[in-house]
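Here's a quick briefing to read alongside the model. Have the 3D view open and follow along topic by topic.

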Amino acid sequence: MGKKTAVLFKCHNWDAVIQRSYERCKKHSNKSDFYILYDNSRGTVEIPEHIQEVENIFLAPYSEVESLGLAWGTEIGNYGGYWYNGDYHQNLFILNHNEYDYICSIENDVAVLNDLDSIFDDMAARNIDAVYKHVEAENHAWAHSGSCEGYYDLSQHVHKGLFCISFFSRRAALLILKRRLEMSFLKREKGLLTWPIGEAVMSHEVISAGMRTEELAHYCDSLRQYDWAPVYLEKEIVNGAEKTFIHPVTEMNEKFIVSNLVQDYHCMISEEEISNGLSRHRARKINDLEVYSRLFHCPRIYNNPVLREDVVEDARELLTGVDFDLASEGMSPDLIQALTQVYSEFPERVFASLPSYERSHSMFFDHGVVLPISLGESGAYTLVLAARDPDLTSHFDVKGKDVASHFEVMPVSFLLQKGELRFYAVNFPAECTEFVVEQKGPHGFWLNFMKILPTTDALRALSTS
């Protein structure tokens, strides 16, 4: 009788990116039983009905974990639940489905570009009990070592791993469940405030029991896009015949921005990635105004004129439509004159080639401030302003000077939103040679970006629609 294998696709919500991750996973596991392990602790199931009708759905509310008596997590730092205990989903599954010889547990933000069934085949042929990415960090250099205190001897090496996708034999999965139950008893008996993270337990217990493990990389052409961070977009997924897994994969959202352009871990603003050209390569592939802008303004790029200009050139080469217009070269205002009216520590950032998303770079218009700007040459121009404030237009007027030297209030139109910034536009007629931005109302306001551009069809259409 042949081995029986199951693929467990873990999720707690459902969206278009998860849908495509599910489809890729399903495509690469034709010989295995496929399950969607869904955490419905909130009382809802977002999986589309047509998928529920054809798939095996294993509901895993966290109450099922609690009913087994498994500890939630630490009392220090309040870490716990499914995220912290990466083995808990599969613990519930193997307890209910011990007919499977091997299981593969996959987080929903893993892009599967490799045949899962062939990995099962090799595990059976070579008597391998676990496959995952091994982490070789010493205890003192690993952030989660303290969580193991009271359960493992920290004077000895604690085995660790990354389990975004992992494979286990039945005996390995049952061992992990058994040890978690024993640890839960120990925690209550001794009143321990710590609780070991799943990345230690799943690796250390299997290896300590003398079971055989294999590196996930053994089955891949590379794993260069597989780690806890940075986050990748689907458009960055490698196309072609390369066998690999990519993690984490998401849509353009706050998680992506923070992972790549705020925190500094192998991301787009990291020194190594900038130096070897990977940051620029990724930015060109993503081709998004906010990504170019945040990369442009990060200190390692902005303080290097050559790298800074490279980002601007890429944006102007690859962006289209109104995004291209926003990245285009604009009219340079008189910064000295501007600074006599408004407050900004970094005025050059406000008037830069690309908008800055940094709060510290913004410019403050205090009560009663009037900022005059000359348009100089005749022609139709568009003033673009950007800020976080959704009520920005209630704080100022833009007045254009006509041929009779009268100032007339110009309509300010919402242009578009890019991440946290909302962009507004004012179209001036060709005969307008000067305008003022005049604060109104009881409160001042902050601007992140100001640019004067020749009016294009894209700008005119968006700002008048």
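In what order do the seven strands of the open sheet come? This is a predicted model, and its open sheet runs 3-2-1-4-7-6-8, with mixed pairing.

- On average, neighbouring strands here are turned by 30 degrees against each other, ignoring direction.
- Strand 1 (residues 5-11) and strand 4 (residues 102-107) run parallel and are joined by six bridges. In this pair, Ala6 stands opposite Ile103.
- Helix 1 (residues 16-27) packs on the sheet, where it touches strand 1, strand 2 (33-38) and strand 4. The direction of helix 1 makes about 170 degrees with that of strand 1.

**Helix 8, tucked away**
- Eight of the eleven residues of helix 8 (residues 198-208) are buried, so the rest of the structure largely encloses it.
- Among the buried ones are His204 and Glu205, along with Met202 and Val206.
- The buried residues of helix 8 pack against helix 4 (81-84), helix 5 (88-96) and helix 7 (170-190), and also against strand 6 (130-135), strand 7 (160-169) and strand 8.

**Helices 11 and 12**
- The axes of helix 11 (residues 278-286) and helix 12 (residues 289-297) come within 9 Å and cross at roughly 155 degrees. Anything over 145 degrees counts as roughly antiparallel, which means helix 11 is roughly antiparallel to helix 12.
- The crossing of the two is left-handed.
- On the helix 11 side, Ser279, Ala283, Arg284 and Ile286 make the contact, meeting Val291, Tyr292 and Leu295 of helix 12. By class, that's five nonpolar residues, one polar and one charged.

- Most residues other than glycine have a negative phi, and most peptide bonds are trans.
- Asn127 isn't a glycine, yet has a positive phi of about 55 degrees. Asn127 is in the loop between helix 6 (116-126) and strand 6, and is exposed at 58% relative accessible area.
- Asn287, also not a glycine, has a positive phi of about 50 degrees. Asn287 lies in the loop between helix 11 and helix 12 and counts as partly exposed at 26% relative accessibility.
- The Ala229 to Pro230 peptide bond is cis, with omega near 5 degrees; Pro230 is in the loop between strand 8 and strand 9 (232-233).
- His247 and Pro248 are joined by a cis peptide bond too, with omega about -10 degrees. Pro248 falls in the loop between strand 10 (244-246) and strand 11 (249-250).

Technical notes: Residues are numbered from 1 along each chain as its sequence is written. This is a predicted model: local features need pLDDT of at least 70, side-chain atom pairs count only at pLDDT 80 or more; totals for chains, interfaces and linings use all residues. Side-chain values use heavy atoms; hydrogens and water are left out. Axes are lines fitted to C-alpha atoms, for helices over the stretch in contact, and angles run from 0 to 180 degrees between N-to-C directions. Helices (H or I, at least four residues) and strands (E, at least two) are DSSP runs, numbered from the N terminus. Angles under 35 degrees count as roughly parallel, over 145 as roughly antiparallel, 65 to 115 as roughly perpendicular and the rest as oblique. A crossing is left-handed if the near helix is turned anticlockwise from the far one by less than a right angle, and right-handed if clockwise. Contact means heavy atoms within 4.5 Å. Ala, Val, Leu, Ile, Met, Phe, Trp, Tyr, Cys and Pro count as nonpolar, Asp, Glu, Lys and Arg as charged, and the others, Gly among them, as polar. Two strands pair if DSSP finds at least two bridges between them. Buried means under 20% relative accessible area, exposed over 50%, partly exposed in between (1.4 Å probe, protein chains only).
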